[in-house]
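Reader: I would like to learn how the words used for a structure are tied to values. Could you take me through one, please?

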Amino acid sequence: MNPKNAIVIVGAQWGDEGKGKVVDLFTERAELVVRYAGGANAGHTLYVGNDKVVMRLLPSGILREGIPCVLGQGMVIDPSALVGELGELAARGRHAARDLIVSDRAHLLFSYHQLVDGLREKATGGAIGTTKRGIGPAYEDKIARRGVRLGLLRHPSRLREEVASALAAWAPTIVALGGEVPTVDAVVEPVLRAGETLLPLLRETSLFVDDALRADKRALFEGAQGTLLDVDHGTYPFVTSSSSIAGGACTGAGVGPARIGEVIGITKAYTTRVGGGPFPTELLSDVGERLRQAGGEFGAVTGRPRRTGWLDLPGLRYAARVNGLTGLALTKLDVLSTMASIDVCVAYDTPEGRTPHLPVDSLADVEAARPVFRTFDGWSTPIEGARSLAELPAAARRYIDFIEESVGVPLSLVSVGPRRDETIVLRSPFTH
Ligand code: IMP
């Protein structure tokens, strides 16, 4: 078994780093795609023929016909949403259910999870700015040991009982938040209906993945969200409720760390964040607006404008450390072509002095920190045609060389445009 056959792709910032395109390129040679964390909070735009579809639960790798696609046990899955996504793809001729394998240990996400998430967001004025998909409450149930797993779809009466007791536990919260407690039937019926489609897809997925790795199949573990949204390592409490870092692939898919040989971190050439929480390099000026427009920085599903800012190298070094990055994929470099000059955060000034580290230990620390910027010249010429580093303008080259050197992780690829071929590939995946 060669660990180099197992690659984790992970967002190195706050999500939306352009993982879809990188995964698309990487899956050209993959024989298995695994998603390991989160749920329908992710949103990636995929192109099926000429049609644009947005997938939330299914990973980007689902578009490769004949390649098994696994939803691992680290996920929380709303069955109706999953069946809906399969339907959308099928309507466009991609019968993805044939390639899909769903963990029977992944947790079911019910309508009351979504209800509580929405009510809480309303009550706090959207302080966290969640996606309102019920992710937090579903993981709360999992950790509280009253979650219901997909395997129970095989036993409807047991499922109904477990839902009844979980719902009873949530009822006081729902009432206190001004909501109406749904009936058990209203919760369970749509789940059982969707279950008819999902039952044949349920498997013990960690065994399936292990068998594939033992057979030296090339496996891609597709992360969702990003490092700084990880529940343990992100800007807590402004995080999602799952382990979105590379280590999450081990727990969320059920593979040992020694089986994974490569971890590729994806970062934009600048930074974005959706929802609340600290963002020290945020640009609240018209420069930020220009980045938003040039980069099309609006949520794939909600259209929510993303917050924009300069690249944060201490943040990237942090991502390199907690994920153990072996490669860096830099996306959306072309978006910076409109900038006369480009700032990049190289350190932080804190009450204790200057530090090369991102102060993520507490909210107070990160709020007190001031980014120290270094300014680079822009290049003001289109770069979409570049297919090698040598073809980039000297100023763009200086910028990315500086990133690579500061993060201390080799660049695997640089994306210079939205199209598939608008990419400088420096190290092809699975070519050890
Ligand atoms: P939740 O995951 O819906 O609970 O949201 C928690 C935080 O994570 C919010 O700030 C969301 O905007 C953010 N978030 C969740 N999923 C994504 C994603 O796929 N991309 C970017 N941000 C996300």
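Author: Gladly! Let's start where two domains meet: across the interface of domain 2 and domain 3, the rule finds 2 residue pairs in polar contact, both at pLDDT 80 or more. This is a predicted model, in which local features need pLDDT of at least 70, side-chain atom pairs count only at pLDDT 80 or more, and totals for chains, interfaces and linings use all residues. Residues are numbered from 1 along each chain as its sequence is written, and side-chain values use heavy atoms, with hydrogens and water left out.

Reader: What are the bounds of domain 2 and domain 3?

Author: Domain 2 is 107-197 and domain 3 is 267-425; such bounds come from an automatic or database domain assignment. Their centres, taken over C-alpha atoms, are 37 Å apart.

Reader: How do you know that domain 2 and domain 3 are in contact?

Author: Contact means heavy atoms within 4.5 Å, and 6 residues of domain 2 are in contact with 4 residues of domain 3.

Reader: What is the area buried between domain 2 and domain 3?

Author: About 250 Å², with carbon and sulfur atoms giving 33% of it. Buried area is the accessible area (1.4 Å probe) that two parts lose on being put together, summed over both. On the side of domain 2, Ile 128, Gly 129 and Arg 133 lose the most area to domain 3, together 65% of what that side buries.

Reader: How many salt bridges does the rule find across this interface of domain 2 and domain 3?

Author: It finds 0. A salt bridge needs a side-chain nitrogen of Lys or Arg within 4 Å of a carboxyl oxygen of Asp or Glu.

Technical notes. A polar contact is a pair of N or O atoms within 3.5 Å; within protein, one must be able to donate a hydrogen and the other to accept it, and residues adjacent in sequence count only if both atoms are side-chain atoms.
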